[in-house]
Amino acid sequence: MTIEPIARFVEALARAVTAEPDVPEAAVLATVDANGQPSARVVLIRGVDARGFRFFTNYASQKGRELAHNPRAALCVHWKSLHEQVRIEGTTERLPASESDAYFAARPHESQLAALASLQSEPLASKSELEHRFAALVTEHGAVSPPRPEGWGGYLLVPQRIEFWREGPHRLHERERYERTVGGWRVGLVYP
Ligand SMILES: Cc1cc2nc3c(=O)[nH]c(=O)nc-3n(C[C@H](O)[C@H](O)[C@H](O)COP(=O)(O)O)c2cc1C
């Protein structure tokens with residue numbers, strides 16, 4: 001009997017939440033640009049369910065532009081304290097605006113203003129430029145929550161393949177790879 005891999009990820013994340021000292025939901029997100037050049041950066045996985053893995057960002061950022069061109073992406077988490085890695089590959093889609101609105105509204109006020117202040121991935125002349133943009137937004141909005149900027153929101157990564165890696169003795173690590181098929185998830189072992 002195979003455990004459905006998303007349920008297995010949720011179970012592993014719950015173990016990581018108790019074991020990891022910091023940001024257990026941090027994952028490396030890999031995207032590819034129009035020339036086939038991959039790039040990778042850390043994002044926070046903000047929700048996992050049967051549909052897939054959610055993360056939030058600026059749609060005009062480098063990753064956002066790359067996903068607009070090629071929606072295929074990969075996530076990779078490494079839980080050092082658990083000696084486990086999970087690799088997730090699939091296709092991204094933008095979350096419905098209502099879902100991004102709800103997530104944005106639940107963020108701390110300063111994080112909301114920071115999202116407005118940052119032209120993520122654009123060149124920045126000086127750090128003070130960003131601080132001035134942030135200060136101007138504090139003056140403009142006070143303690144009132146701003147609406148979600150249109151260019152900021154979430155993605156759902158719909159997984160096609162999920163692989164669980166667990167450290168073994170003598171580098172005989174365990175790898176179990178789940179592949180989505182029309183009939184459901186097919187699972188098999190892979191040489192380490
Ligand atoms: C622990 C950690 C968590 C992060 N979480 C996010 C996130 O959830 N969303 C995001 O846009 N950037 C996040 N970042 C910043 C990204 O790694 C990256 O610098 C930024 O998104 C710009 O990437 P890009 O220029 O490739 O689009 C995080 C960075 C770290 C180290």
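**Notebook: a predicted protein chain and its ligand**

I started with the overall make-up and counted 5 helices and 9 strands in the protein chain. I take helices (H or I, at least four residues) and strands (E, at least two) as DSSP runs, numbered from the N terminus. My residue numbers run from 1 along each chain as its sequence is written.

**Entry: the whole chain**

I read the order of elements from the N terminus as α-β-β-β-β-α-β-β-α-α-α-β-β-β. The C-alpha trace spans about 55 × 35 × 30 Å along its principal axes. Next I checked burial, calling a residue buried if 20 or more other C-beta atoms lie within 10 Å of its own, exposed if 12 or fewer, and partly exposed in between, with C-beta atoms placed from the backbone. Of the 192 residues in the protein chain, 22% are buried. For contacts I required C-beta atoms, placed from the backbone, to lie within 7 Å. Among contacts with a separation of 6 or more, 59% join residues 24 or more positions apart.

**Entry: around the ligand**

Which residues are closest to the ligand? I found 15 residues surrounding the ligand, and the closest are Thr57, Ser61, Gln62, Lys63 and Ser121. Two or more shell residues come from each of β2 (38–44), β4 (52–58) and α2 (62–69). β2 gives the most, with 5 residues. I sorted the shell by class and got 7 nonpolar, 6 polar and 2 charged residues. My classes are nonpolar for Ala, Val, Leu, Ile, Met, Phe, Trp, Tyr, Cys and Pro, charged for Asp, Glu, Lys and Arg, and polar for the others, Gly among them.

**Entry: α4 against α5**

I then looked at helix α4 (residues 109–117) and helix α5 (residues 127–141), whose axes come within 9 Å and cross at roughly 125°. The axes are lines fitted to C-alpha atoms, for helices over the stretch in contact, and angles run from 0 to 180 degrees between N-to-C directions. α4 and α5 are therefore oblique to each other; angles under 35 degrees count as roughly parallel, over 145 as roughly antiparallel, 65 to 115 as roughly perpendicular and the rest as oblique. From α4, Leu113, Ala114, Leu116 and Ala117 meet Leu130, Arg133, Phe134, Leu137, Val138 and His141 of α5. I class the residues of this contact as 8 nonpolar, 1 polar and 1 charged.

**Entry: the loop between α1 and β1**

Glu25 sits in the loop between α1 (5–19) and β1 (26–32). Is Glu25 buried, exposed or partly exposed? It counts as partly exposed because it has 16 C-beta neighbours inside 10 Å. Beyond its neighbours within four places in sequence, Glu25 contacts Leu13, Leu44 and Ile45.

**Entry: positive phi**

Most residues other than glycine have a negative phi. Val23, in the loop between α1 and β1, has a positive phi of about 30°. Val23 is exposed, as 11 other C-beta atoms lie within 10 Å. His170 also has a positive phi, near 55°, and lies in the loop between β7 (152–166) and β8 (174–181). With 5 other C-beta atoms within 10 Å, His170 is exposed.

Note on methods: Predicted model: local features only at pLDDT ≥ 70, side-chain atom pairs only at ≥ 80, totals over all residues. Near = placed C-beta within 6 Å. Contact = placed C-beta atoms within 7 Å.
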